[in-house]
Amino acid sequence: MAHQARKRFGQHFLTDQSIPEAIVRAINPQADDLVIEIGPGLSALTEPLMTQLNHLTVVEIDRDLAHRLRNQHSPKHLTVVEADALTVDFSQFGTGLRIVGNLPYNISSPILFHLMQVAEHVRDQHFMLQKEVIDRMVAKPGDSDYSRLSVMLQSRYKMHSLFDVPPECFDPPPRVMSAVVRMIPLGADRPCPQSPEAFAKLVTKAFAQRRKMLRRGLSDLKIDWEQVGIAETSRAEDLNVADYIRLADYCVAEHKL
């Protein structure tokens with residue numbers, strides 16, 4: 001029986017098999033790699049991955065699809081975790097993880113932030129997402145797409161947009177263009193804020209009024225812009241990750257956040 005895509009899970013199933021094959025080529029999995037697939041759906045990506053791997057673990061929220069996968073494959077080769085990816089502690093799977101998936105577009109950002117918490121366990125991530133989201137992920141300071149998402153993810157990953165995927169490659173077709181992104185966690189030598197919580201709070205606050213100069217949008221923090229080395233006429237999209245780390249550390253030191 002054909003599986004009906006469920007809106008509440010944001011399901012869009014790949015039907016153009018050339019796309020999963022291109023994703024697998026980009027991943028270049030080796031037989032013993034620890035690969036975790038989020039949202040295997042109807043196995044468009046699962047099947048070509050399994051031809052390359054000794055074992056694959058998948059996380060699937062849809063009970064019917066999880067049941068189907070268990071019936072189709074031996075647990076020796078496929079582990080099915082029936083759960084919402086947002087509730088899964090990915091560190092349980094070990095280290096050197098390679099996480100892949102066609103993420104539900106309605107919760108893609110929450111999943112990306114959820115995975116940031118276990119980035120030290122991850123070797124790389126390859127996801128198909130809404131192209132608009134990936135454009136924001138990889139945007140540079142000054143770009144119109146540069147946003148809170150850009151700063152937060154770039155503080156933890158090096159990212160590359162690999163290729164676009166048009167709507168007609170899916171059933172049902174989404175109303176937007178999709179794309180595939182590669183995310184490689186930055187090492188322990190990366191610049192880190194003294195307080196990740198203060199850093200996240202500051203970035204959110206800055207982009208909440210992105211059209212305003214920061215001296216106005218962050219006026220309640222009473223920042224000494226000259227001391228922190230950032231022009232007070234700057235706007236949120238003008239600052240790079242290092243600028244935000246420096247600003248957050250200043251605010252922590254001065255007990256402003």
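I began with rings: those of Phe, Tyr and Trp (its six-membered ring) pair if their centres lie within 6.5 Å, and planes under 30 degrees apart count as stacked, over 60 as edge-to-face and the rest as tilted. The model I am reading is predicted, so local features need pLDDT of at least 70 and side-chain atom pairs count only at pLDDT 80 or more, while totals for chains, interfaces and linings use all residues. Residues are numbered from 1 along each chain as its sequence is written, and side-chain values use heavy atoms, with hydrogens and water left out.

**Entry 1: aromatic pairs**

How many aromatic pairs does the structure hold? I found 3. In one of them, the rings of Phe90 and Phe93 have centres 5.9 Å apart and planes at 65°, so I noted the pair as edge-to-face. I then looked up burial, where buried means under 20% relative accessible area, exposed over 50%, and partly exposed in between (1.4 Å probe, protein chains only). Phe90 counts as buried at 1%, and Phe93 is buried at 17%.

Tyr146 and Phe207 also make an edge-to-face pair, because their ring centres are 6.2 Å apart and their planes stand at 65°. To place them I needed the elements: helices (H or I, at least four residues) and strands (E, at least two) are DSSP runs, numbered from the N terminus. Tyr146 sits in the loop between helix H5 (131-138) and helix H6 (148-154), and Phe207 in helix H7, so this pair ties together parts that are 61 residues apart in sequence. Tyr146 is buried, with a relative accessible area of 0%; Phe207 is buried too, at 12%. With Tyr244, these two form one aromatic cluster.

**Entry 2: Glu237**

Next I went to Glu237, in the loop between helix H9 (225-228) and helix H10 (241-253). Is Glu237 buried or exposed? Its relative accessible area is 17%, so I wrote down buried. For its surroundings I used contact, meaning heavy atoms within 4.5 Å. Leaving aside neighbours within four places in sequence, Glu237 touches Pro141, Gly142, Tyr146, Phe207 and Arg210.

**Entry 3: a pocket**

On a 1 Å grid over the protein atoms alone, a pocket is an open set of points with protein on both sides within 12 Å along at least five of seven lines, where a 1.4 Å probe fits; lining residues have an atom within 4 Å of a point. Grid points are joined across faces, edges and corners, and a volume is the space filled by probe spheres set on the points. The second largest pocket has a volume of about 340 Å³. Of its 15 lining residues, Met116, Ser155, Arg156, Arg190 and Pro196 are the closest to the centre. Helix H4 (108-116) and helix H7 (196-208) are the elements that give two or more residues to this lining. The largest share, 4 residues, comes from H7.

I sorted the lining of the second largest pocket by class: Ala, Val, Leu, Ile, Met, Phe, Trp, Tyr, Cys and Pro count as nonpolar, Asp, Glu, Lys and Arg as charged, and the others, Gly among them, as polar. The tally is 9 nonpolar, 2 polar and 4 charged residues.

How many of the 9 residues of H4 are buried? I got 7, so H4 is largely enclosed by the rest of the structure. The buried residues of H4 include Ile111, Leu112 and Met116.

In helix H1 (residues 18-27), I listed Ile19, Pro20, Ala22, Ile23, Val24 and Ile27 as buried. Their cover includes helix H2 (46-50), strand E5 (97-102) and strand E6 (122-130).

A reminder to myself: most residues other than glycine have a negative phi, and most peptide bonds are trans. I located Lys222 in the loop between helix H8 (214-217) and H9, and at 62% relative accessible area Lys222 is exposed. The peptide bond from Asp171 to Pro172 is cis, with omega near -5°. Pro172 belongs to the loop between strand E8 (170-171) and E9.

**Entry 4: the whole chain**

Last, I stepped back: the protein chain has 10 helices and 9 strands. Buried residues make up 49% of its 257 residues.
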